[in-house]
Amino acid sequence: MSLPTAYQEHLPSSPQWLNKGDNSWQMTASTLVGLQSMPGLVILYASMVKKKWAMNSAFMALYAYASVLICWVLLCYRMAFGDELFPFWGKGAPSLGQKFLTHQAKVPESTHFFKNGTEEASTTQPLFPMASLVYFQFNFAAITVILLAGSVLGRMNIRAWMAFVPLWLIFSYTVGAFSIWGGGFLYHWGVIDFSGGYVIHLSSGIGGFTAAYWVGPRLKSDRERFPPNNVLLMLAGAGLLWMGWSGFNGGAPYAANIDSSIAVLNTNICAATSLLVWTTLDVAFFGKPSVIGAVQGMMTGLVCITPGAGLVQSWAAIVMGILSGSIPWWTMMVLHKKSTLLQKVDDTLGVFHTHAVAGLLGGLLTGLLAEPDLCRLILPVTNSRGAFYGGGGGIQFLKQLVAALFITGWNLVSTTLILLTIQLFIPLRMSNDQLETGDDAVHGEEAYALWGDGEKYDPTKHGSSSKADEIEVSPYVTGARGVTINL
């Protein structure tokens, strides 16, 4: 019986090694991850901040997405996944040539050997071209930088941010990615990070917290009163983030296989559990459910499951959801108010709690709960297993802890050095006048055509002098001033 035409080899565009199903899923997963950033986090950030910072917050995410892509194909992909330069860094080179992009994907470039010199696991060769892999990994790099931006919204100088994005990608993100995913020393040691709990979330949380320290706080008035300008639109952004996470974790096996299905199911189970636990705690301690709190709980669940999404059983995903809905809740709602350090650093959207704490928690729990049979489906290092499954699994927890310390230390130091260097040429924080006004001063644009909350009144924009007596201040407005038009 002959193969259907769709599965036959058609050179040169469909070589023998190409699996159209795997390639289709990889490009779909890449797009889902891309939608998490653009427009997912663009919408989430723009609606979660105070009205006067909506445009600036959206632009920071939009700029980062575009900037990372160009840096990624010019240099950074091969720094993260190419030939080894150091045990923690790859050799940078462009990923733009036809000969490179049309060949079968290969990741990482290095092979893992036993101590006696025999090969333990060769490099993975997914059944799709390098172009699909480069684009998939770009979306991971982009969302990491955009998540970091959540810590410095509402005051970071936009020119400083534009310089920071490529520098942080080069000197911080690529190091973590190569070390754990690209064939670096942590990869060969057997550290487990299924889809970025350490490479993406712990690094963005630590990097964001460090950046928030060096950039400085928002205005006192903004710190004390920073209501979201559109909660319903915030839910739309959160929904894109949640649904896109199926591509985030489901694309990590580089194939439309059994492990991909397990990862997608576990991702959604953990997110739902975490959301419910966070909401329950809000009701128990504050007397009412919070929509913003539910979004935070969703986020911590998605982050926590990421390091072990395809490696833990679904009952373990529920356990991880319970812990991710409660431990980050405690650090944000209780510990934050008692800690002098946490109070001193103005982390605008609490990225430290939702990503650093949840990412660390997920990585450590993976070291306990990773199931041996599931590990054999995908992990290159043989006999990988969580500590709860015995057979030498206890060492896995130690590996996870050491990797967390490395990612934390590297991001703290590299982020500090990058920002101190930028500060020599560009102020990291906006001027007080810009901070008072917001979007109108920084971009000359506004998210909403209403006067108030930082915007300076301009009669050429808000009405002629002949209409002046039609405008009076509403006695019912508290906080930021608004206007009432008598028709």
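Colleague: Which ring does Arg218 lie over, and at what distance from the ring centre?

Modeller: This is a predicted model, where local features need pLDDT of at least 70, side-chain atom pairs count only at pLDDT 80 or more, and totals for chains, interfaces and linings use all residues. Residues are numbered from 1 along each chain as its sequence is written, and side-chain values use heavy atoms, with hydrogens and water left out. A charge sits over a ring if NZ of Lys or CZ of Arg is within 6 Å of the ring centre and within 35 degrees of the ring normal. Arg218 lies over the face of Phe226, and its distance from the ring centre is 4.4 Å.

Colleague: Which ring does the charged end of Arg78 sit over?

Modeller: The charged end of Arg78 is 4.4 Å from the centre of a ring. That ring belongs to Phe100.

Colleague: How many helices and strands does the chain have?

Modeller: Helices (H or I, at least four residues) and strands (E, at least two) are DSSP runs, numbered from the N terminus. The chain comes to 19 helices and 6 strands.

Colleague: What percentage of the chain is buried?

Modeller: Buried means under 20% relative accessible area, exposed over 50%, and partly exposed in between, with a 1.4 Å probe and protein chains only. The chain has 487 residues. Buried residues make up 55%.

Colleague: Among contacts between residues at least 6 apart in sequence, what percentage join residues at least 24 apart?

Modeller: A contact means heavy atoms within 4.5 Å. Of the contacts in the chain between residues at least 6 apart, the part joining residues at least 24 apart is 76%.

Colleague: Why is the pair of Phe88 and Trp410 tilted?

Modeller: Rings of Phe, Tyr and Trp (its six-membered ring) pair if their centres lie within 6.5 Å; planes under 30 degrees apart count as stacked, over 60 as edge-to-face and the rest as tilted. By this rule there are 24 aromatic pairs. The rings of Phe88 and Trp410 have their centres 5.5 Å apart, and the pair is tilted because the planes are at 50 degrees.

Colleague: How many residues apart in sequence are the parts that this pair ties together?

Modeller: Phe88 lies in the loop between β1 (84-86) and β2 (89-90). Trp410 lies in helix α16 (residues 394-423). The pair therefore ties together parts whose separation in sequence is 322 residues.

Colleague: Which residues form the aromatic cluster?

Modeller: Phe88 is partly exposed at 24% relative accessible area. Trp410 is partly exposed too, at 28%. One aromatic cluster is formed by Phe86, Phe88, Trp89, Phe171, Phe185, Phe406 and Trp410.

Colleague: Where does helix α2 bend?

Modeller: Helix α2 (residues 54-81) has 28 residues, and its end C-alpha atoms are only 36 Å apart. A straight helix would reach 40 Å at 1.5 Å a residue; the expected span is 1.5 Å times one less than the number of residues. The bend at a residue is the angle between axes fitted to the seven residues ending there and the seven starting there. In α2 it is about 70 degrees, at Trp72.

Colleague: What is the bend of α12 at Thr331?

Modeller: Helix α12 (residues 314-338) has 25 residues and reaches 35 Å from its first C-alpha to its last, close to the 36 Å expected. Its buried residues include Met320, Trp329 and Thr331. Among the elements covering them are α10 and α14 (351-369). The bend of α12 at Thr331 is about 30 degrees.

Colleague: Which residue does a cis peptide bond join to Met38?

Modeller: Most peptide bonds are trans. At this cis bond, omega is about 20 degrees.

Colleague: What is omega at the cis bond between Val107 and Pro108?

Modeller: Pro108 is in the loop between α3 (98-101) and β3 (112-113). Omega there is about -15 degrees.

Colleague: What is the phi of Tyr254?

Modeller: Tyr254 is in the loop between α9 (231-250) and α10 (258-286). At 13% relative accessibility, Tyr254 counts as buried. Tyr254 is not a glycine, yet its phi is positive, at about 60 degrees.

Colleague: How far apart are the C-alpha atoms of Leu44 and Ala236?

Modeller: Leu44 lies in helix α1 and is buried, at 3% relative accessible area. Leu44 touches residues including Met234 and Met299. Leu44 and Ala236 are 192 residues apart along the chain, but their C-alpha atoms are separated by 7.4 Å.

Terms used. Lists of a residue's contacts leave out its neighbours within four places in sequence.
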